[in-house]
Amino acid sequence: MSAYLPSGFPEPAEIGTIEVKQYPQYRAVTYSHAGDVRQATGVAFNPLFQHISNNQIAMTTPVEARYTGIAGQMDVPEVQVSFLYPSPNIAPSSLSSAVTVTDTPPMTVVSIGVGGAYSWESYENNLQKLKNWLQQHPEYSIVGPPRRFFYNSPMTPEAMKISEVQIPIAISKN
């Protein structure tokens, strides 16, 4: 990995393995991108990097992308891209209008480890694997939009990159 995980975060899932994981509360700086979901992380990088640089906040891994409005589900697709703070108690001294500071409560997710290029097709294929897994595990229900964690820098060779596709879940009350 290119940097340290935020406080209390679990290690990335093994490539090809589906597992249920617990995440602690965390704080992040977030950039919202409306439009082509394939370009969201690239467009978000500079405003997010400027924020952590200006506030002297250490870079962590992963970078998070939440897909809150995918084409076909909403009129305009939206992606929220975040750089996670090392701990949830960090308060920035300055904040530009291009980004927001977000606090995410503890959550449970079903996750799959992914190896290789950070392509949209890879995301879609692995999201489908998670949906298929959830159909076989009715004890869980989906409680939030899917997300992807990117663990490596853009300079990492594609064959060596790792990511995770995740869906927030809860125990069903059936």
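Reply: Happy to! α1 gives the most to the lining of the largest pocket, with 5 residues; helices (H or I, at least four residues) and strands (E, at least two) are DSSP runs, numbered from the N terminus. This is a predicted model, where local features need pLDDT of at least 70 and side-chain atom pairs count only at pLDDT 80 or more, while totals for chains, interfaces and linings use all residues. Residues are numbered from 1 along each chain as its sequence is written, and side-chain values use heavy atoms, with hydrogens and water left out.

The elements that each supply at least two lining residues are α1 (40-54), β3 (63-69), β4 (78-84) and β8 (147-150). The space in this pocket comes to about 640 Å³. Its lining has 30 residues, and Thr 41, Tyr 118, Phe 150, Asn 152 and Pro 154 are the closest to the centre. On a 1 Å grid over the protein atoms alone, a pocket is an open set of points where a 1.4 Å probe fits, with protein on both sides within 12 Å along at least five of seven lines, and lining residues have an atom within 4 Å of a point. The volume is the space filled by probe spheres set on the points, which are joined across faces, edges and corners.

By residue class, the lining divides into 19 nonpolar, 8 polar and 3 charged. Here Ala, Val, Leu, Ile, Met, Phe, Trp, Tyr, Cys and Pro count as nonpolar, Asp, Glu, Lys and Arg as charged, and the others, Gly among them, as polar.

As for the setting, the chain has 2 helices and 9 strands, in the order β-β-α-β-β-β-β-α-β-β-β.
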